[in-house]
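Look over the structure below before reading on. The paragraphs that follow take its parts one at a time.

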Amino acid sequence: MRLEKCWFCSSTVYPGHGIQFVRNDAKVFRFCRSKCHKNFKMKRNPRKVKWTKAYRRLRGKDMTQDTTFEFERKRNRPERYDRILTEQTLKAIPLITKIRHERQKKHITERQKGGKSMSRKKDAKELEQDLQMLPKKDTVAYEATKQKVIVSQLKTEENLMEE
Amino acid sequence: MCIRVIGAAGNQRYARIGDVIVAVIKDALPQMPLERSEVIRAVIVRTCKEFKCEDGIIIRYDDNAAVIIDQKGNPKGTRVFGAIAEELRELNFTKIVSLAPETLFIFSFI
């Protein structure tokens, strides 16, 4: 038994789930559920479909390079059975997955860090330029802070002439 | 075109992978040992309809394919195209599996 990855969304396919499609050139496509299978039949490219891991990795939204991924890489050379090695591997697996999850979370929070300052800048600009467009109740506090300067028109000879 | 499934129970309507069928040739290339409208036996090797393995794996191929065999189960031809499942070996179709360009190992079926 081997836990495979779904060809479309890259999630793990557990035994008893999903469909395997064998193309005539003997390439096997494994799908975790009918959603992925149907998307495949529609000939959609997973790199363009937003909810797939392929898209997210391509766009840098998820972590791509990390040493924790090296552990899961498929090796075609069989290992001689060693009891101690197996025991250590089984103990290490939950640790490694925990570390990987921590790192992935960190990657995402790092990525989203610039967002708050950007939205603040945008809001400040909007208050400055488009004050009339915003609803009155939101801008009352802001308007109170602005000091009203009374501009008195200087009575010059020219103005008197206009009147 | 399939006429009958050999060894099928009365309630089995359709043949699956590994079943031997009696078929008639509808279309043949000109200079070949077998001609159109000959009745032959064949074993099904690939189906578009997905089939369920004992361990829960569901497999679907890209086309329907059968290999023409004689009464004993040896293939009539010398070449086989496309992927063949290794499990056919257990059904005494070892020659077909050995001729296959690519074989697939699925754990167990039927």
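Strands (E, at least two residues) and helices (H or I, at least four) are DSSP runs, numbered from the N terminus. Two strands pair if DSSP finds at least two bridges between them. The model is predicted: local features need pLDDT of at least 70, side-chain atom pairs count only at pLDDT 80 or more, and totals for chains, interfaces and linings use all residues. Residues are numbered from 1 along each chain as its sequence is written, chains are lettered from A and ligands numbered from 1 in the order in which they are written, and side-chain values use heavy atoms, with hydrogens and water left out.

Start where the two chains pair. Strand 3 of chain A runs parallel to strand 5 (residues 58–61) of chain B, over four bridges. In this pairing, A:Phe21 stands opposite B:Arg60 in strand 5 of chain B. Strands of a sheet pair through backbone hydrogen bonds, either parallel or antiparallel.

Now take the interface as a whole. In contact (heavy atoms within 4.5 Å) are 13 residues of chain A and 15 residues of chain B. The chains bury about 1,200 Å² between them, 56% of it on carbon and sulfur atoms. Buried area is the accessible area (1.4 Å probe) that two parts lose on being put together, summed over both. A:Gln20, A:Val22 and A:Asn24 supply 45% of the area that chain A buries against chain B, more than any other three residues. Strand 3 (residues 19–22) of chain A gives the largest share of the side of chain A that touches chain B, with four residues.

A salt bridge is a side-chain nitrogen of Lys or Arg within 4 Å of a carboxyl oxygen of Asp or Glu. Over all chains, the whole structure has 12 salt bridges. One of them joins the side chains of A:Arg30 and A:Glu4 (3.5 Å, N to O). A:Arg30 lies in strand 4 (residues 28–31) of chain A and A:Glu4 in strand 1 (residues 4–5) of chain A, so the pair ties together parts 26 residues apart in sequence.

Four of its strands form an open sheet in the order 1-2-3-6, with antiparallel pairing. Strand 1 (2–5) and strand 6 (65–69) of chain B stand at the edges, each with a single partner strand, so one side of each has no neighbour in the sheet. Three bridges join strand 1 of chain B to strand 2 (residues 20–24) of chain B. Here B:Cys2 stands opposite B:Ala23 in strand 2 of chain B.
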